[in-house]
Amino acid sequence: MISDIAAPHLLGQILGHSEDHYTLFHNEGKYFTDLTREAGLYEKTIPFLGWGAIFLDYNNDGFRDLFTANGHIFPEVDLHFRDTPYREQLLLFENTGKRNFQDVSAESGLAALMPRSARGAAACDYDNDGRIDLVVVNTDDVPTLLRNQHKGGNWLEVRTIGTRSNRGGIGARVEIVAGDLKQADLVRTGSSFMSQNDMRVHFGLGTRRRVDQITVRWPSGLVDRVANVPADQQVTITEGKGR
């Protein structure tokens, strides 16, 4: 999910089987519009069977990109179809900021990895360097841990601790304003197929070095605001107490 005046307002769901494109739905507020072709995802995704789909800002430029983990269901497919392998590559689509995506799987190094039949995928900043990493679960194989080494823009991570709401702050809406950039995301569980992302909310800031205001709207109805926060750090906000 992304709500960002500097980027397309996107709420996407990956749907589709082998030889069927993935589908991106644009949230219009009261209904959804299929923008798969306009977003540049139609032809690129037809050969793949997708499982894990994650919106993440891999290069911290303030625009949410799209990662998908792919793999066919049946190993026997290799015996009958040349263009539909059981093991498939991972895909990464960079958000151009112009309401579409470009395939950067090769540039990011994903296309060079050994293909596997992937299932679940999760995003996390496992080494706490402000760059979102990825872990992929593969069928009958070891997991794949992908460390993000992209030297992108500035960032901010928000960890929530509930008091009146649940302890993890699940369901809280986190909003930030950094100059001309406005973003919002939810603290949530359940991210893709049988997977769970890092519950810290991550924001890419591009060249912006400071966040003017962080607003957390808790499930209880309480609202906490924190102002004037330098970039490139993790901030913990406790319900009713602020930072």
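Guide: Strand 12 (residues 173–178) and strand 13 (residues 181–186) run antiparallel and are joined by six bridges. Strands here are DSSP runs of E with at least two residues, helices are runs of H or I with at least four residues, and both are numbered from the N terminus. Two strands are taken to pair if DSSP finds at least two bridges between them. The model is a predicted one: local features need pLDDT of at least 70, side-chain atom pairs count only at pLDDT 80 or more, and totals for chains, interfaces and linings use all residues. Residues are numbered from 1 along each chain as its sequence is written, and side-chain values use heavy atoms, with hydrogens and water left out.

Within this pairing, Val 174 has Asp 185 of strand 13 as its bridge partner. The two strands form a hairpin with two residues between them, and Gly 179 in the turn has a positive phi of about 65°. Strand 12 is also joined to strand 15 (residues 210–217), by five bridges and again in antiparallel fashion. There, Val 177 has Gln 213 of strand 15 as its bridge partner.

Arg 173 belongs to strand 12 as well. With a relative accessibility of 31%, Arg 173 counts as partly exposed, a class that lies between buried (under 20% relative accessible area) and exposed (over 50%), computed with a 1.4 Å probe on protein chains only. The side chain of Arg 173 makes a polar contact of 2.7 Å with the side chain of Glu 175. Such a contact is a pair of N or O atoms within 3.5 Å; within protein, one must be able to donate a hydrogen and the other to accept it, and residues adjacent in sequence count only if both atoms are side-chain atoms. Arg 173 and Trp 218 are 45 residues apart in sequence, yet their C-alpha atoms are 6.6 Å apart in space.

A search of the whole structure finds one aromatic pair. Its members are Trp 51 and Phe 193, with 4.9 Å centre to centre and 55° between the planes, a tilted arrangement. Rings of Phe, Tyr and Trp (its six-membered ring) pair if their centres lie within 6.5 Å; planes under 30 degrees apart count as stacked, over 60 as edge-to-face and the rest as tilted. Trp 51 lies in strand 4 (residues 50–56) and Phe 193 in the loop between strand 13 and strand 14 (201–206), so the pair links parts of the chain 142 residues apart. Trp 51 is partly exposed at 23% relative accessibility, and Phe 193 is likewise partly exposed, at 35%.

Elsewhere, three strands form an open antiparallel sheet in the order 8-9-10. Strand 8 (118–124) and strand 10 (144–146) each have a single partner strand and stand at the edges, so one side of each is left without a neighbour in the sheet. Three bridges join strand 9 (residues 133–138) to strand 10, and Leu 134 stands opposite Leu 146 in strand 10. The loop between strand 9 and strand 10 contains Asp 140, which has a positive phi of about 55° although it is not a glycine. Most residues other than glycine have a negative phi. Asp 140 counts as exposed, at 76% relative accessibility.
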